[in-house]
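Let's take a friendly walk through this model, from its hairpin to its cores. Have the structure open as you read.

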Amino acid sequence: MLLNSSSSFNSFLFNSNSNFLSKNHKSQKSVPQTLRVVISNDVDAFTEKSGYLFKLSSSEADSLNDYDLKKIAAIYKRKPFILLRRLFQIGSTFGRWLAARYVDSITEKSDLMFKIRAAELRQILLELGPAYIKIAQAVSSRPDLIPPSYLDELSLLQDRIAPFSTEVALNTIEQELGLPIDMIFSEISPEPTAAASLGQVYQARLRSNGQVVAVKVQRPGVQAAISLDILILHFIAGVVKKAGKLNSDLQGVVDEWASSLFREMDYIKEAKNGLKFRKLYGAIEDVIVPNMYVENTTRRVLVMEWVEGKKLSEVKDLYLVEVGVYCSFNQLLEYGFYHADPHPGNLLRTYDGKLAYIDFGMMGEFKQEFRDGFIEACLHLVNRDFDALAKDFVTLGLLPPTSDKEGVTKALTGVLQNAVAKGVSNISFGDLLGNLGTTMYKFKFQIPSYFSLVIRSLAVLEGIAIGFDPNYKVLGSTYPWIARKVLTDSSPQLRSSLQALLYEEGVFRIDRLESLLSESLRARTEKVLVEDNDSKVAVKQILSFTLTEKGAFVREILLQEIAKGVDAFGRATLDSLTSMANTSIPFASSSSSSMTKEDMVNLRTFRRLMLLLAGFQKNGGSPVELKRTDPSKNQNMYSEEASLIFYQFPSVEEILPILSVIPELPPELQQQLLLLPADLAGRLISRVTARTIRRMFL
């Protein structure tokens, strides 16, 4: 049976050759002397260097269970010397490093000293503590943005941080759980299996059921340190915004990040997050979500199942990256409850090839209206509808309602047109953000606080993939799921968006439906992926989708357009037969075509729909290019074009894939298919009747 879990530190796996430490005595007495020597020789920089480190009183600590800037400010207002000492420590530490970098530049030693300065920066962040380590962790997940030397050093901050004293950790476990260690665990590792910014992990075995678990213990002084640093960062954000005349709510972004960080320090909330995440996403194929032992969890101690595996970024498994993209899609756009800290230390590849999510301290909520707005924005971006995209930015809170929509549309067209011209599979999330920079500044874009964690989540995921596939595009991989959701979702807002997308000025855009369907078929749900040229599989997927309840809305649109097309096809056939009869009768006058402009449009659409249902064997741009009908065309020219379209209809051989897959469909879908001819006939009769009545009275 797979041992299921840990925290974000499991890349430091428990060594099976080293035995658990049996606990028969008090924790401080049961730690081996050799371990004490190791600890004393490798004291973590945070504890050793941070002279400001102190404990909050019980009342102060209780008042900071949740993030409250006013309460934090009130606490440190009574401790001015601690605040000043911390400001001096931060300023002098970074000042010395920046001065060294400046000296390197003027002495032309920047390249020579690059790796050394990167290592120094990592050490500085370790000394400054958890808040700065958390910032570095986010940055270290973008290999496309960070120089390799700095990336290598900062990535060590993801899970390779010196642990604090095991004696302190074991004492904390006993104090928090109110029982001696040996009454809770039958075995526990003699040293941490991993350590990170907020805590460290031990491997243990529960005495109650023998389950192997991970025990995460919070670092001492973390709450005091983080609250102080957030107060300082909030002040700095306000100064930067004012000095730079920025439109973004930088202090709001800090507040959102701080709120998530405070939630991450509460292990009871993390355990509940883990249980919710497991319930929502634990059933996804090849996804592992560890179980939580809430009864053995407090604010500073977390007990969860143990997972064996290696960091996803170390194993280069592109399939599991795709699984992660699909899971992230479900998090962001299906349920809105998402993992906001998916750095490599929190994503593991288990030894049986599954993706394990661990460490659920930093989670985010994405409200329904914003989820729908995000999907619409992606649709409009891919279809180059920049006018609608500008409105989406207002919906998402990125633009104020009073902004110049026409100017924004023009700017977006200039900036993004080239980005999307290469196709959706080549759109880079990082590049989009970079290209938007100037436009965002010019038109007073603002980054809502809720959106900062969403952007971070997507950017980090793309960064992990880029680490071993430089051409990977997270948005390109996510869009097939967006296309599938738009086609199947029952949300009134998304159905309205789909209707608006497919009908432009009342004309059906078959090319956009083709694009959505073809993209939705790219959605990867199995290890054996469907080949693009497998038309039979494509037809089966299209039929399976359109015949289900989820595909009812698209089915209605298809039946409506097919009815129009069959009607136009019938009229064109009648015209053709009449023309042939007239040519066989001597001296008979040629009759004019009864086809209208609308009939020609419907006939073209019908042809493309037949090709679509034939399995994408041909595309809309056929060998003989069909031009849009000019309103001034005479009826004979309509007749000529109708004849040309006739030649391009799919042959019997091309229609066969549709017929051959019908027996393979589930019985309920076959029954639904048998109802379609009657439905189509009813629509066609209604259309012919309406046209006949219209001609009689007009």
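## Ground rules

Helices (H or I, at least four residues) and strands (E, at least two) are DSSP runs, numbered from the N terminus. Two strands pair if DSSP finds at least two bridges between them.

This is a predicted model, in which local features need pLDDT of at least 70, side-chain atom pairs count only at pLDDT 80 or more, and totals for chains, interfaces and linings use all residues. Residues are numbered from 1 along each chain as its sequence is written, and side-chain values use heavy atoms, leaving out hydrogens and water.

## The chain as a whole

The protein chain holds 30 helices and 14 strands. Of its 698 residues, 52% are buried, where buried means under 20% relative accessible area, exposed over 50%, and partly exposed in between (1.4 Å probe, protein chains only).

Contact here means heavy atoms within 4.5 Å. Among contacts with a separation of 6 or more, 75% are between residues 24 or more positions apart.

Strand 10 (residues 347-350) runs antiparallel to strand 8 (residues 309-311), and 3 bridges join the two. Across this pairing, Lys 310 stands opposite Arg 349 of strand 10.

Strand 10 is also joined by 3 bridges to strand 11 (residues 355-357), again in an antiparallel arrangement. Here Leu 348 has Ala 356 as its bridge partner in strand 11. The hairpin of strand 10 and strand 11 has 4 residues between the strands, and Gly 353 in this hairpin takes a positive phi near 80°.

Look next at Glu 270, in helix 14 (residues 267-281). Glu 270 is buried, with a relative accessible area of 0%. Leaving aside residues up to four places away in sequence, Glu 270 touches Lys 216, Glu 264, Leu 302, Asp 359, Phe 360 and Gly 361.

Helix 17 (residues 368-382) is largely enclosed by the rest of the structure, because 13 of its 15 residues are buried. Just after helix 17, Arg 384 takes a positive phi of about 60°.

## Nonpolar cores

A nonpolar core is a set of buried Ala, Val, Leu, Ile, Met, Phe, Trp, Tyr and Cys residues joined through side-chain atoms within 4.5 Å. Which residues touch the most other members of the largest nonpolar core? They are Phe 366, Leu 513 and Leu 516, in a core of 134 residues. Beyond residues up to four places away in sequence, the contacts of Phe 366 include Leu 332, Tyr 338, Phe 374 and Val 454. Another core, of 18 residues, lies apart from the largest one, and Leu 170, Ile 173, Leu 177 and Val 303 are among its members.
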